[in-house]
Amino acid sequence: MPNRRVHHVLNAIDVAAPAGVVYGLIADSVRWPLFFPPSIHVERLDFDGVRERLRMWVTANGQVKSWTSDRVLDAARRTVSFRQTLPATPAASLGGVWTVEAAGAGSCRLTLRHEFTAVDDRAQDVAWLERAINANTRSELEQLRSFAERWTDLDALTLSFEDSVRVKGPAELVYDFLYRAADWPAVVPHVHRVDLAEPQAGVQQMTMVTSTAAGVVHGIETVRVCFPHAGRIVYKQVVCPKLVAAHTGEWSVVPDETGVTVVSQHSVVLRDDAEQRVLGAGTDLERARRTVRAELGRSSVQLLELAREHAKSAIHVLRSRRPVLGQL
């Protein structure tokens, strides 16, 4: 095999936040989809407090790519090194290091270094990788700086919650309803349009037009990663309503000996400068939190109940088609 040329990419940014805060955001890989725009979903496969293995789904140049990475966290030096063990094409190898350097009591310098090789060393693949790394890194650094510099308010801006229903029916039928989101406009009142593509098995990119209880219409773009054997669909809204800076979630179908529990989980970061512009003068952050919780809960519960009805109806149809003894 010929030696491949190693390419290097360096990006850096100054952050008006303590170095420990910035390092903490980088170290918390499971929450990256909430804080970093390109990250869709992260599964932590192994972690001993220092070394971790991750399966990641990330947008790159408009495509959804997936890979497995090993990371080493050094809290004392505030560095996180990483290496893709199963890279996504056209990368043959990709690794690097995050470094956070204190620059005073309340500020720091954040540097992200990448090094990579392309599968066949083709110029167009190298250019594609450089473009993807630079675009993703810049959006990650800018968003991280935005969140880190509001670190004292970040808990108030972030909320996580879940809703669930019980279903007496097969988990497969419930999952089928949640998976077939392209069919929702015909049966879900608040969903008016869905354009869905599945460019690779289990990865769905969809644009939805929905409405709130007050009749406000939103256009939402979402990437979903589907795990049918585990009964899970995880997703991230890459274009959110005006009140929301980031939104990730998960549908999970959990069978037991008496039926199925269907759970909808949400994690949201609010825009701290949007509540009065969206909800009216005098609106505070607490009202914005209640509004988002109520609206997302309303739509989720409606979908959960429709999934339950879908399963019950399918069972009824199957039973009605079962031949009686005299018809055999």
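The model is predicted, so local features are given only at pLDDT of at least 70 and side-chain atom pairs only at pLDDT 80 or more, while totals for chains, interfaces and linings use all residues. Residues are numbered from 1 along each chain as its sequence is written, and side-chain values use heavy atoms, leaving out hydrogens and water.

**Overall build**

- The protein contains seven helices and 14 strands; helices (H or I, at least four residues) and strands (E, at least two) are DSSP runs, numbered from the N terminus.
- The C-alpha trace spans about 80 × 65 × 35 Å along its principal axes.
- Of the 328 residues, 47% are buried, where buried means under 20% relative accessible area, exposed means over 50%, and partly exposed lies in between (1.4 Å probe, protein chains only).
- Among contacts with a separation of 6 or more, 53% join residues 24 or more positions apart; a contact means heavy atoms within 4.5 Å.
- The protein exposes about 16,500 Å², of which carbon and sulfur atoms supply 51%; accessible areas come from the Shrake-Rupley method with a 1.4 Å probe, and for residues only the protein chains shown count as cover.

- Strands of a sheet pair through backbone hydrogen bonds, either parallel or antiparallel.

**Strand pairs and turns**

- Strand β10 (residues 203-211) and strand β11 (residues 217-227) run antiparallel and are joined by nine bridges, with Ser211 opposite Val217 in β11.
- The hairpin of β10 and β11 has five residues between the strands, and Gly215 there takes a positive phi near 90°.
- Seven bridges link β11 to the antiparallel strand β12 (residues 232-239), where Arg232 is the bridge partner of Phe227.
- Four residues lie between β11 and β12 in their hairpin, and Gly231 in the turn has a positive phi of about 65°.
- Strand β13 (residues 244-256) and strand β14 (residues 259-270) are antiparallel and share twelve bridges; Trp251 stands opposite Ser264 in β14.

- Ser164 belongs to strand β8 (residues 158-167).
- With a relative accessible area of 46%, Ser164 is partly exposed.
- Beyond its neighbours within four places in sequence, Ser164 is in contact with Thr261, Val262, Val263 and Leu304.
- The C-alpha atoms of Ser164 and Asp273 are separated by 31 Å, and the two residues are 109 residues apart along the chain.

**Helix α1**

- Helix α1 (residues 19-27) is mostly covered, with seven of its nine residues buried.
- The buried residues of α1 are Ala19, Val21, Val22, Tyr23, Leu25, Ile26 and Ala27.

Conventions. Two strands pair if DSSP finds at least two bridges between them.
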